[in-house]
Amino acid sequence: MQGYSQIPEAKMAPVRSDLDDVLTNVLAHVGLQDPRDRTGAFKDTGDGAIFVMPAKDIARLVDPLLEHLHAALVRYDRERLSSAPAIRLRAALHVGPLSLPDHRGDAINEVCRLLDSQVVRAGLTAAREHRGGFLAAVVSEAAFRRTVRAGRTPDLDEEHFLRAMARVHGKAFEEPCWLFVPQMTPRALAPLINPEPPGGSGGKASPTSLADPNNPPGAVFQFNGEMTDTTVINKVGTMRIDRRRI
């Protein structure tokens with residue numbers, strides 16, 4: 001949770017309880033078992049938590065969970081008391097072997113590094129400042145291969161993610177990852193995040209030119225809401241319309 005340590009002490013427990021309620025409802029809505037119901041599968045970190053989920057559920061942790069989580073945070077913000085702090089979250093998703101019954105292993109350390117990385121921190125800042133958003137999520141390369149790239153996320157494909165490099169100040173950690181910020185395209189995110197991508201498909205850090213003889217250089221428009229009586233002068237060479245609603 002962003003800014004949790006700056007919340008007055010008297011409000012920490014209530015807002016954390018509100019977050020727990022949001023997570024409980026979202027998990028139930030997307031049909032995932034709450035890890036708090038399984039021994040050793042939940043660890044409270046104070047300003048957040050570590051959830052250990054069965055590998056079979058990994059695709060649903062990307063789609064539909066991320067969009068539903070953001071929608072729930074938006075609803076919470078609309079309904080919360082003015083005296084209650086907003087809830088903005090960083091999330092990280094990784095996959096790897098863990099020992100039983102205590103669920104220990106490198107995968108836990110790696111997902112914590114992803115969550116603490118500069119790229120997802122910058123993603124949440126961009127979400128807040130440019131879209132009034134409440135969520136930024138980073139998916140490890142291993143998890144991305146097993147979910148989005150494997151075609152197991154019907155409403156989210158590679159074009160919804162920005163490929164970047166996850167680094168943590170003061171730590172010997174550097175791993176490729178995929179950043180997802182609801183309501184923001186990779187092209188809009190890239191100049192705000194300034195990542196150094198290792199290459200590949202999906203969202204690029206630096207926009208590439210679409211100019212050719214049939215598509216001359218010009219402005220790029222990104223509409224993030226309802227359009228009424230809209231007029232675009234000149235010719236639109238390529239238009240991609242995303243009609244998903246939160």
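Predicted model: local features only at pLDDT ≥ 70, side-chain atom pairs only at ≥ 80, totals over all residues.
Residues are numbered from 1 along each chain as its sequence is written, and side-chain values use heavy atoms, with hydrogens and water left out.

**Figure 1. Overview of the protein chain.** The protein chain contains seven helices and six strands; helices (H or I, at least four residues) and strands (E, at least two) are DSSP runs, numbered from the N terminus. Read from the N terminus, the order of elements is α-β-β-α-α-β-α-α-β-α-β-β-α. Of its 246 residues, 39% count as buried, where buried means under 20% relative accessible area, exposed means over 50%, and partly exposed lies in between (1.4 Å probe, protein chains only). The accessible surface comes to about 14300 Å², and carbon and sulfur atoms hold 50% of it; these areas come from the Shrake-Rupley method with a 1.4 Å probe, and for residues only the protein chains shown count as cover. Among contacts (heavy atoms within 4.5 Å) with a separation of 6 or more, 65% are between residues 24 or more positions apart.

**Figure 2. The second largest pocket.** About 1200 Å³ of space lies in this pocket. Its lining consists of 42 residues, of which Ala49, Ile50, Phe51, Ala92 and Val111 lie nearest the centre. Two or more lining residues come from each of helix 1 (9-29), strand 2 (49-51), helix 2 (58-62), helix 3 (65-79), strand 3 (89-93), helix 4 (106-115) and strand 4 (135-140). The lining has 34 nonpolar, five polar and three charged residues; Ala, Val, Leu, Ile, Met, Phe, Trp, Tyr, Cys and Pro count as nonpolar, Asp, Glu, Lys and Arg as charged, and the others, Gly among them, as polar. A pocket is an open set of points on a 1 Å grid over the protein atoms alone, where a 1.4 Å probe fits, with protein on both sides within 12 Å along at least five of seven lines; lining residues have an atom within 4 Å of a point. Grid points are joined across faces, edges and corners, and the volume is the space filled by probe spheres set on the points.

**Figure 3. Aspartate 63 and the cis bond to proline 64.** Aspartate 63 lies in the loop between helix 2 and helix 3, and proline 64 is found in that loop as well. The peptide bond joining aspartate 63 and proline 64 is cis, with omega about 25 degrees. Most peptide bonds are trans. Aspartate 63 is buried, because its relative accessible area is 7%. Beyond residues up to four places away in sequence, aspartate 63 touches Thr153, Pro154, Asp155 and Leu156. A polar atom of its side chain lies 2.8 Å from the backbone nitrogen of aspartate 155.

**Figure 4. The loop between strand 3 and helix 4.** Proline 101 is found in this loop, and a cis peptide bond with omega of about 5 degrees joins leucine 100 to proline 101. Histidine 103 belongs to the loop too; its phi is positive, near 55 degrees. Histidine 103 counts as buried because its relative accessibility is 13%.

**Figure 5. Alanine 91 in strand 3.** Alanine 91 has its place in strand 3. Apart from neighbours within four places in sequence, alanine 91 is in contact with Leu115, Val120, Leu135, Ala136, Ala137 and Val138.

**Figure 6. Glutamine 183 and helix 7.** Phi of glutamine 183 is positive, near 75 degrees, and the residue counts as partly exposed because its relative accessibility is 42%. In helix 7, Pro186, Ala188, Leu189, Ala190 and Ile193 are buried. The buried residues of this helix pack against helix 5 (118-131), strand 5 (162-167) and strand 6. Asparagine 194 follows helix 7 and has a positive phi, near 55 degrees.

Notes
Polar contact = N/O pair within 3.5 Å; in protein donor to acceptor, adjacent residues only side chain to side chain.
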